[in-house]
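I opened this notebook to keep a record of what I looked up in one structure.

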Amino acid sequence: MGNDAMDPVDARLAARLAQLRAERGWSLGELADRSGVSRSTLSRAERAEISPTASMLNRLCGVYGRTMSQLLSEVEAEPAQVVRAAGQAVWQDAASGFVRRSVSPPHPGLRGELVEGRLTAGADIAYDRPPVPGLEQHIWVVDGTLEVTAQDVEHRLAAGDCLRLRVWGPTRFHCPGPGDVRYALVVVLP
């Protein structure tokens, strides 16, 4: 797909990823060593030849000390106090069946944000580390079933259930089905 057909958010995200690496004076090799993402994949992502996966963005956010919402908000327009439904940024990782809506994106002076997540039945996303150690998360299932694994403990959440935790290590989000799952995620910086 040519850059003319590239989603504008993906194109701005690619430019921001390249800018973050340049600000630190890192080569692609140095970033690959720090993030565990291959040089070729990083290069393609920075040139907007591919759209990064959720796991890849999570690794890069960890290296850059940002949450995923912070990174994605940096490629959006200035945040407003009222975030209208039509203006909420939606990002999807089609390969994993993950759709992420930034309901209340990061805002200067605020430590929390609200995200809507949707996973298709069978979707399974593993994050090898939090983007910020000690990140506080509140995961409230709106529809469906969600299995969240954190600190080697699996939590099976049904509609209405809420899991509250601080994230220090790997996590996994899995939608066992039979239907899709929709959940609200409140993220609070430590």
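The entries below go from the cavities to a sheet and then to a helix and a loop.

I am working with a predicted model, in which local features need pLDDT of at least 70, side-chain atom pairs count only at pLDDT 80 or more, and totals for chains, interfaces and linings use all residues. I number residues from 1 along each chain as its sequence is written, and side-chain values use heavy atoms, with hydrogens and water left out.

Cavities. I took a cavity as a set of points, on a 1 Å grid over the protein atoms alone, where a 1.4 Å probe fits but cannot get out, with lining residues having an atom within 4 Å of a point. Grid points are joined across faces, edges and corners, and a volume is the space filled by probe spheres set on the points. I found two cavities of 30 Å³ or more, and the largest cavity holds about 300 Å³. Its lining has 22 residues, of which N58, M68, Y127, Q137 and L185 are the closest to the centre.

Lining. I sorted the lining of the largest cavity into 13 nonpolar, six polar and three charged residues, where Ala, Val, Leu, Ile, Met, Phe, Trp, Tyr, Cys and Pro are nonpolar, Asp, Glu, Lys and Arg charged, and the others, Gly among them, polar. Helices (H or I, at least four residues) and strands (E, at least two) are DSSP runs numbered from the N terminus. Elements that each supply at least two lining residues include α5 (68-73), β2 (98-104) and β5 (135-143), while β10 gives the most, with three.

Sheet. I counted two strands as paired if DSSP finds at least two bridges between them. An open sheet of four strands then runs in the order β4-β9-β6-β7, with antiparallel pairing, and its edge strands, β4 and β7 (153-158), each pair on one side only. Strand β6 (residues 145-150) pairs with β7 over six bridges, and L146 stands opposite L157 in β7.

In α4 (residues 54-64) I noted A54, M56, L57, N58, L60, C61 and Y64 as buried, meaning under 20% relative accessible area with a 1.4 Å probe and protein chains only, against over 50% for exposed and partly exposed in between. Just after α4, G65 takes a positive phi of about 65 degrees. A94, in the loop between β1 (90-93) and β2, counts as exposed because its relative accessibility is 68%. C-alpha to C-alpha, A94 and M56 are 14 Å apart in space and 38 residues apart in sequence.

Notes: 1 Å grid on protein atoms, 1.4 Å probe; cavity = no way out; pocket = protein on both sides within 12 Å on 5 of 7 lines; lining within 4 Å.
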